[in-house]
Amino acid sequence: MTYETLLVETDGPVGIITLNRPDALNALNSKLCAELIEQLGAWDKDAGIGCVVLTGAGRAFAAGADIKEMAPRSYMDVYKADMFGAFEQAVSSFRKPIVAAVNGFALGGGCELAMLCDFILASETAKFGQPEINLGVMPGIGGTQRLTRYVGKSKAMEMCLTGRMMDAAEAERAGLVSRVLPADKLMEEAKAVAKKIASQSQPIAMMTKETVNAAYETTLRQGIMFERRLFHSMFATADQKEGMAAFVEKRPAKFSNS
């Protein structure tokens, strides 16, 4: 499908989405949000896609929401539209793994979008921040909540109250970023990681994602019980039988996603 604000391609079982408003540093306007919702919805139902890579064209992953579009809106405008509600829900509820490949700026809504993904691979030039306070607002797509969970209260509070950016090295030290890579190797590695994920049993990968995410929503004891019950349920799958048989027989597993 052709979009105005996205470039979409597939590489085997990997779906690749590039935010494509480089002249606006891939700012998140209503058109981009709607198109991303549509594409993720299609891939959520596509059994041929096992993992998604999300990145940005040009000098940024996404430098925030589109301020020119938002500025004139009233409280009632944004409340009735539940601005960013459907967008946040579409990304956070996507059942298959999403890898964010962050090149350049991931600020405001762009930082929040990266955090909505399952993990972040960053180039050495990446910069993360929540500078909304400089515009007279605060993060509105989960930034105050997810950033605090990822990097702790002190660093999140400083970033949200001052608008300070952190570079890729600091982001990795703080636990926001999984790994930092040379800029010219970022997409190559992101695709390789996504292909590795997509080669696994798709339902098992989806259950694993669901279980790790539950760690942020439940107590430790509830999370362990949730993990254990899903682990038990995996013994009803053909892929568990195949995976363990392949290990014993010292051969690659051939998962059927069943």
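This is a predicted model: local features need pLDDT of at least 70, side-chain atom pairs count only at pLDDT 80 or more; totals for chains, interfaces and linings use all residues.
In this model, helix α1 passes α4 in a left-handed crossing.

The axes of α1, residues 30–44, and α4 are 9 Å apart, and the packing angle is about 30°. Angles under 35 degrees count as roughly parallel, so α1 and α4 fall in that class. On the α1 side, the contact is made by Cys 33, Leu 36, Ile 37 and Leu 40. On the α4 side, the partners are Ala 86, Phe 87, Ala 90 and Val 91. Sorted by class, that contact has eight nonpolar residues, with no polar and no charged ones.

The second pair is α5 and α6. Their axes come within 10 Å and cross at roughly 55°, which makes the two helices oblique to each other. This crossing is left-handed. Here Glu 112, Met 115 and Leu 116 of α5 meet Gly 143, Arg 146, Leu 147 and Tyr 150 of α6. The class count for this contact is four nonpolar, one polar and two charged.

How many cavities of 30 Å³ or more does the structure hold? There are two.

The lining consists of Ile 17, Leu 36, Leu 40, Val 52, Leu 54, Val 91 and Ile 98. Leu 36 and Leu 40 of α1 and Val 91 of α4 also belong to the helix contact I described. Helix α1 and strand β3, residues 51–56, each supply at least two of the lining residues. The lining has seven nonpolar residues, no polar and no charged.

The largest cavity has a volume of about 40 Å³. Around this cavity are Gly 50, Ile 197, Ala 198, Gln 200, Ser 201, Gln 202 and Ala 205. Two or more of these come from α9, residues 186–198, and likewise from α10. By class, the lining of the largest cavity is three nonpolar and four polar, with no charged residues.

The largest pocket has a volume of about 900 Å³ and is lined by 33 residues. Which residues lie nearest its centre? They are Cys 117, Asp 118, Tyr 150, Lys 209 and Asn 213. Tyr 150 was already on the list of α6 residues that meet α5. The elements that each give at least two residues to this lining are α4 (85–92), α5 (109–116), β7 (119–123), α6 (143–151) and α10 (202–214). Of these, α10 has the largest share, with eight residues. The lining of the largest pocket divides into 17 nonpolar, nine polar and seven charged residues.

The second largest pocket holds about 700 Å³ of space. It is lined by 31 residues, and the closest to its centre are Met 70, Phe 84, Glu 132, Val 137 and Met 138. Helices α2 (67–70), α3 (75–81) and α5 are the elements that give two or more residues to this lining. Its residues are 18 nonpolar, nine polar and four charged.

How values were computed. Residues are numbered from 1 along each chain as its sequence is written. Side-chain values use heavy atoms; hydrogens and water are left out. On a 1 Å grid over the protein atoms alone, a cavity is a set of points where a 1.4 Å probe fits but cannot get out, and a pocket is an open set with protein on both sides within 12 Å along at least five of seven lines; lining residues have an atom within 4 Å of a point. Grid points are joined across faces, edges and corners, and a volume is the space filled by probe spheres set on the points. Helices (H or I, at least four residues) and strands (E, at least two) are DSSP runs, numbered from the N terminus. Ala, Val, Leu, Ile, Met, Phe, Trp, Tyr, Cys and Pro count as nonpolar, Asp, Glu, Lys and Arg as charged, and the others, Gly among them, as polar. Axes are lines fitted to C-alpha atoms, for helices over the stretch in contact, and angles run from 0 to 180 degrees between N-to-C directions. Angles under 35 degrees count as roughly parallel, over 145 as roughly antiparallel, 65 to 115 as roughly perpendicular and the rest as oblique. A crossing is left-handed if the near helix is turned anticlockwise from the far one by less than a right angle, and right-handed if clockwise. Contact means heavy atoms within 4.5 Å.
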